[in-house]
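Let us take a single chain and question it in turn, from its overall make-up to individual side chains.

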Amino acid sequence: MIGARSLVWLSALAVVAIPALASAADPPSPSTTASPPETPQRARLRYTLEGIELRGNVRTAGRVVLRYVKFRAGDLLDVDDPELELTRYRLLGTGFFAQVDLSLRKGSRRGAAVLIIEVVERNTLVVQNLWAGVAADEDTAGNARPLSAFLGVQVAETNLAGTGITLGAGVALAADQFALRTSFVDPSFVGTGWSAAITVLYNDARDFFGNRDVLFEAPLIAQREVTDYAVVAYRRFGATIGTGHDLGVSSSFALDYHLEQIDATVPVAASHMRGLSREPVDFSIRPGRSVLSTVRGTLTYDTRDAPFLTARGTHAQASVTVGIPGTDYSFQKFEGTLRRWWRLPWRHVVRFDAYVGAIAGDAPFFEQFYVGDFTDLLPDRLLALAPDRRQPPNLLGTDIIEVRYGDFAAKIEGEYRIPLYTGRESVYGVDLFASAGIYSVATRREFTDPPTGYRGWSRLPVDVTGNLGLRLDTKLGGVTIAFSNVLGLVAARNGARK
């Protein structure tokens, strides 16, 4: 990322291939792979599946490929079954393959068929995320004052030795801050239908609190040039272990347990101007040592034809995170996401996104909703670090400018994408995109005790966001180059620290 938000976002992904599911009065020959045109009078064709033949999987073990295929020898196979297409999408979604084709050939007897799965493997050592930018402050006139650079990278081998295991690591650096991550995911632990995952984290970080005219006393924290904010210095060390199971071709659930120790140095006293009134600063973290222990459950529904340059399908997710009662942080966090893609007749793509989240109880600030994660004009968090100290642009002139972390969040966004290039070598596809949306991040107090000085609609903490750029599907992963991110380097005058 160069600028206010990630200019480069990389993830393991796959290129969509056109399926070839054949159907005819008898099982087709290997050269006959295209289904005849669908007509209302055509009878549904079913065959007894005699077996599955894999082709092209040089590095990936056959059992790994078959793990994502629900069909088995002896099943009655309907050539019009939508789960055949979903199976192809699922294989593409692993990120192991650049192309997946399904076809049928005759079996050894009449009424039997063999399902052929032909794949083209792709590079599975990928850069999942890359951040680079400038963390900035604002003076009282709303002028940007760049203070420090930040940099982060996450890499992973998503198909370790052809076993389907993911092994990854990440590091993020900012002024007086750094974060480390390591992760391991086995989608079929000891050959079962259950996955196993573990992530270990370490953060030595700081965060910045207060809106305007911040007064604080913090003798134990070296402020350096950051004097307009009350700084919380903290260390986090912990791990997450989890498991998951497929509920069908397109749905799954996961269960995670997280445990970490936090050591925070909090200012002795701090106050700031919230609206027109001076109030104490709420740091949303316990001073000294504390323990965070949570359980998280997630349901996922995924029918995307590709995880990056998606052209059709739905991705929906609902999760609940619960802070274990009796520990230092007791809270409940609810999140829901819906993303839907449509390919238009002229091959352009439209995407619709909706997100909603809410927290009940006392969650630490790094578990709360961060405004930079919802607007494209500020940097999002990198490995849970939030080095940028600017307030949101506030293009609508609301009290969103008073919010950095919130207990409630929502966002609605639309995107229009135009394919520019399709290939098969190092670059699989290039799309031009433009997006626009509206979002809100709010604390409980925005509803019960809004900041003074705001009237009417300005008391609603909402703002608009947008983006414009290119998405590239490459051998090393998915790349997003967003031009509007450069605007984030310029402090919005409407968002000045008045």
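This is a predicted model: local features need pLDDT of at least 70, side-chain atom pairs count only at pLDDT 80 or more; totals for chains, interfaces and linings use all residues.

Residues are numbered from 1 along each chain as its sequence is written, and side-chain values use heavy atoms, with hydrogens and water left out.

Student: What percentage of the residues of the chain count as buried?
Tutor: Buried means under 20% relative accessible area, exposed over 50%, and partly exposed in between, with a 1.4 Å probe and protein chains only. Of the chain's 498 residues, the share that counts as buried is 51%.

Student: Is Ile-198 buried, partly exposed or exposed?
Tutor: Ile-198 lies in strand E9, strands being DSSP runs (E) of at least two residues, numbered from the N terminus. Because its relative accessibility is 37%, Ile-198 counts as partly exposed.

Student: Which side chain of opposite charge is nearest to Asp-399?
Tutor: Asp-399 sits in the loop between strand E19 (369-370) and strand E20 (405-406). Lys and Arg count as positive and Asp and Glu as negative, with His and the chain ends not counted, and a salt bridge needs a side-chain nitrogen of Lys or Arg within 4 Å of a carboxyl oxygen of Asp or Glu. Asp-399 is buried yet has no salt bridge. At 6.2 Å away, the nearest side chain of opposite charge is Arg-274.

Notes: Helices (H or I, at least four residues) and strands (E, at least two) are DSSP runs, numbered from the N terminus.
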